[in-house]
Amino acid sequence: MGARFTVQQLLEATGGTLYAPSDFGDPVIDGLTIDTRTLKPGMAYVAIRGGTFDGHRFIPDAMEKGAVLSISDTDVPYPHIRVSNTVLAYQNIAKMHRERFDLPVVCITGSVGKTTTKEMVKAVLETTFRTHATVGNLNNQTGVPTTILQLTEDDEVSVTELGTNHFGEIDAIARVAQPTICLFTNIGEAHIEFFGSREGIFRGKTEMLRHMRPGGSIIANGDDDYLCTIPNAITYGFKEGVDVHAVDVKEYGLDGVHFTAELFGERLSVTLHVAGKHMIRNALAALTVAHLLHVPYAAALDALKNFQPGAGRSDVILTKRFTVIDGSYNCNPTSMESAIDVLHAASGRKVCIFGDMLELGENAPAFHARIGEYAKRMKIDRMLTVGALAKNAAFDEADAYASVDDLLAALPAILKDGDTVLVKASFGMHLKTVVEAIKEM
């Protein structure tokens, strides 16, 4: 059974009030959606208010498409459940659905690498179980409930990504997901504008632990100075003394890495066809989940060997003229330095196209300048920047561009055959258009 509810169950979950004709009865609701584009007859529509939109505007459209009712925070001339907060109501309904299932739920959070780690864990678990997982990065206050509401009787394990940029957000969505395994990737500077410090980010991320089910397990990056302090965690990383340890690391540039994983008395030979030493930690986390859920190591190693990152997450694109490292999906200081490490290991002239990293607060200019200094130390040949913040990283003032359009106009005269080009910035900088332009050159 998927996310089906009677109206009475929705009222129980939300504490709302039903406004409907006297003969409305107690029909079965065949799923919920917050997007009328995905609505099918028989579903309920939850009207969400966002920063730039109001889902209540689409209630008439939802009813026309066959919604049984809507869930809203105001009265509307259609059958509806009125609640004070539709996001909270949506979360509470998803929590009710989660409680129908007794299955392992792996919840993943951290400043960097959440989605890649989630995809690695999913790939490993799929070798043995029918695996439900977050699609893309639906990891926020409505994304996690959407993911949980997709659980069905056929699923044997769930992998859910939890994201945050404010205190209390992980607490809210972990309450919905109720993890049996809490996995932490790292504590970096992403969203430090809202948390104030790395210590604040650590407190925000570890809100997840309040909602771990009894008997659950914690997996934490033992190389991280904050995460290594979590009591009773299984640790992973490069440092001596961690529980799951990488040794004998060999890097092969953009072709990937090889290492030996020492875990629970075993020594496993691991090959990754993804670039960057930082990917090893993601693989160690996935192997730890495999151990806890009794996935055969041979199957897990094969899944990791065949793993490829998603678009915009440092995936390598070969064109007739260039090698492009596409990191356009997201960016923060930690992930940017890791991407520069990958670029450093590549062949040919090394060009970095770097756009603004957002949500870094008052120290944002210094964070960007740090990236420029790091790129120089790693002998990057050319640094092209886009945006008011990223210009602090430019080697030469002439290579600092105010906009993507300005950069695109200059790029054909700058790039040369055989260049390896890293393109990375926060998603809001829209550097995916730069990647596509380079592919067309």
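Me: Leaving aside neighbours within four places in sequence, which residues is Gly136 in contact with?
Reply: In this predicted model, Gly136 is in contact with Thr115, Lys118 and Glu161. Contact means heavy atoms within 4.5 Å. Gly136 itself lies in the loop between strand E9 (131-133) and helix H5 (143-148).

Me: What makes Gly136 partly exposed?
Reply: Its relative accessible area is 42%. Buried means under 20% and exposed means over 50%, so a value in between is called partly exposed. Gly136 is therefore partly exposed.

Me: How many residues apart along the chain are Gly136 and Leu10, and what separates their C-alpha atoms?
Reply: They are 126 residues apart along the chain, and 27 Å separates the two C-alpha atoms.

Me: How do you know that the span of helix H12 agrees with its number of residues?
Reply: H12 covers residues 364-377, which is 14 residues. The expected span is 1.5 Å times one less than the number of residues. That gives 20 Å for H12, and its end C-alpha atoms are 20 Å apart, so the two agree.

Me: Which residues of H12 are buried?
Reply: They are Ala364, Phe367, His368, Ile371, Gly372, Tyr374 and Ala375. Seen down the axis of H12, these buried residues fall within an arc of 165°, so they line one face of the helix.

Me: What does the chain do just after H12?
Reply: Lys379 takes a positive phi of about 60° there.

Me: Which residues of helix H14 are buried, and what covers them?
Reply: The buried residues of H14 are Val434, Val435 and Ile438. They cover an arc of only 100° around the axis, which puts them on the same side of H14. What covers them includes strand E17 (315-318), E18, strand E19 (350-355), helix H13 (404-414) and E22.

Me: What makes E17 and E21 edge strands?
Reply: The open sheet has six strands in the order E17-E18-E22-E19-E20-E21, with mixed pairing. E17 and strand E21 (400-401) each pair on one side only, and these are the edge strands.

Me: How do you know that E18 and E22 pair?
Reply: Two strands pair if there are at least two bridges between them. Five bridges join E18 to E22, and the two run parallel. Val324 stands opposite Val421 in E22.

Me: How many bridges join E15 to strand E14 and to strand E16?
Reply: E14 (residues 244-251) pairs with E15 over six bridges, in the antiparallel sense. Glu251 has Val257 in E15 as its bridge partner. E15 and E16 (residues 266-272) are joined by seven bridges and also run antiparallel. There, Thr260 has Ser269 in E16 as its bridge partner.

Me: Which turn residues of the two hairpins have a positive phi?
Reply: The hairpin of E14 and E15 has five residues between the strands, and Gly253 in the turn has a positive phi of about 60°. The hairpin of E15 and E16 has two residues between the strands, and Phe264 in that turn has a positive phi of about 50°.

Me: How many aromatic pairs does a search of the whole structure find?
Reply: The search finds two. In one of them, Phe202 and Tyr226 are 5.5 Å apart centre to centre, with 35° between the planes.

How values were computed
Residues numbered from 1 in each chain as written. Predicted model: local features only at pLDDT ≥ 70, side-chain atom pairs only at ≥ 80, totals over all residues. Heavy atoms only, no water. Helix = DSSP H or I, 4+ residues; strand = E, 2+ residues; numbered from the N terminus. Buried < 20%, exposed > 50% of the residue type's maximum accessible area, 1.4 Å probe, protein only. Arc of directions from axis to C-beta. Phe/Tyr/Trp six-rings, centres within 6.5 Å; stacked < 30°, edge-to-face > 60°.
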